[in-house]
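Look at the model first, then read the points below.

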Amino acid sequence: MAPAASKLYADDVSLLMVLIDTNPFFWNSINTSLSFSKFISNVLAFLNSILLLNQLNQVVVIATGYNSCDYIFDSSALQNHNQKGESLLQKLEEFVDKDESLCRDDSVDGPGFSLLSGSLSMALCYIQKVFRSGPLHPRPRILCLHGSPDGPGQYVAIMNAIFSAQRSMVPIDSCIIGAQHSAFLQQASYITSGIYLKPQLLDGLFQYLTTVFATDLHSRSFLQLPKPVGVDFRAACFCHKNTIDMGYICSVCLSIFCKHHKKCSTCGSVFGQAQTQDSSTPDRKRKTSVDN
């Protein structure tokens with residue numbers, strides 16, 4: 001359900017949901033000067049700046065791991081705001097240790113995939129809880145600090161989260177810290193009218209965060225912010241989880257397949273046979289007899 005404008009504190013009061021990519025395989029494979037500890041230092045400084053902009057601003061941080069995701073920080077739940085940094089670092093360390101203990105397979109090739117679909121769902125659930133908590137609430141938005149490659153198996157869940165955010169008028173901002181662009185987050189930012197940015201210099205990550213993603217939704221209409229260029233709208237097939245340019249779509253549940261199947265694996269609908277050239281022969285004969 002979309003929030004009503006009369007329920008907002010003010011135009012410049014924000015609820016910022018920050019999704020941090022803590023995938024250990026990604027951070028072990030990254031070849032840039034940005035280490036995980038330096039990345040967290042920049043994020044902490046950015047969160048402090050958000051809370052200093054307005055005393056009514058609220059920040060919630062969700063860790064996106066390889067096997068799980070969890071809430072690790074909520075500024076509204078802290079009685080002593082001077083300890084917010086210590087609380088975040090402690091819970092983040094506990095989460096990373098727990099997530100690494102769940103990694104049973106040590107033969108993961110490359111950076112692996114993080115559970116982005118789960119963290120997006122958790123962020124939207126928290127936002128819906130805020131919508132129903134009382135007559136006043138800040139304007140929510142989601143910021144994904146993501147570096148892991150897209151997980152093709154999460155395509156359906158991520159698209160469902162994107163459309164849910166669009167219906168609730170919740171922008172999804174994306175800051176890519178990995179080597180490759182994220183097609184999923186490109187679509188998320190484009191569909192929800194958010195900001196997509198891949199910083200060229202990760203050493204200046206804090207400057208990118210404060211100048212681009214610290215602005216509230218009301219102030220964005222007065223600024224020249226980065227616009228999406230070359231968004232990849234290709235979908236992933238449901239059978240092999242591969243990105244495809246052309247495919248077959250189930251007319252009942254809209255599932256996408258890269259090859260023709262006799263039966264939909266999602267809803268069980270039976271597909272008809274593809275038309276051949278022989279089926280058009282009677283029509284051609286009928287046209288010939290009419291013309292004669």
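The model is predicted: local features need pLDDT of at least 70, side-chain atom pairs count only at pLDDT 80 or more, and totals for chains, interfaces and linings use all residues. Residues are numbered from 1 along each chain as its sequence is written, and side-chain values use heavy atoms, leaving out hydrogens and water.

**H2 against H7**
- H2 covers residues 36-53 and H7 covers residues 205-213; their axes come within 9 Å and cross at roughly 30 degrees.
- Axes are lines fitted to C-alpha atoms, for helices over the stretch in contact, and angles run from 0 to 180 degrees between N-to-C directions.
- The crossing of H2 and H7 is right-handed, with the near helix turned clockwise from the far one by less than a right angle (anticlockwise is left-handed).
- From H2, Phe-39, Asn-42, Ala-45, Phe-46 and Ser-49 meet Leu-205, Phe-206, Leu-209, Thr-210 and Phe-213 of H7; contact means heavy atoms within 4.5 Å.
- The residues in this contact of H2 with H7 are seven nonpolar, three polar and no charged.

**H2 itself**
- H2 has 18 residues, which should span 26 Å at 1.5 Å a residue, and its end C-alpha atoms are 26 Å apart, in agreement.
- The expected span is 1.5 Å times one less than the number of residues.
- Buried residues of H2 include Phe-39, Asn-42 and Phe-46; buried means under 20% relative accessible area (exposed is over 50%, partly exposed in between, with a 1.4 Å probe and protein chains only).

**H4 against H5**
- The axes of H4 (residues 116-131) and H5 (residues 155-167) come within 9 Å and cross at roughly 25 degrees.
- That makes H4 roughly parallel to H5.
- H4 and H5 cross in a left-handed way.
- Leu-116, Ser-117, Leu-120 and Leu-124 of H4 make the contact with Ala-157, Ile-158, Ala-161, Ser-164 and Ala-165 of H5.

**Val-13**
- Val-13 lies in the segment before strand E1 (14-21).
- Val-13 counts as buried, at 1% relative accessibility.
- Val-13 touches Asn-54, Leu-56, Asn-57, Pro-138 and Arg-139, leaving aside residues up to four places away in sequence.

**Whole protein**
- The protein has eight helices and ten strands, taken as DSSP runs numbered from the N terminus (helices are H or I, at least four residues; strands are E, at least two).
- Of the 292 residues in the protein, 47% are buried.

How values were computed:
Nonpolar A, V, L, I, M, F, W, Y, C, P; charged D, E, K, R; others polar. Parallel < 35°, antiparallel > 145°, perpendicular 65-115°, else oblique.
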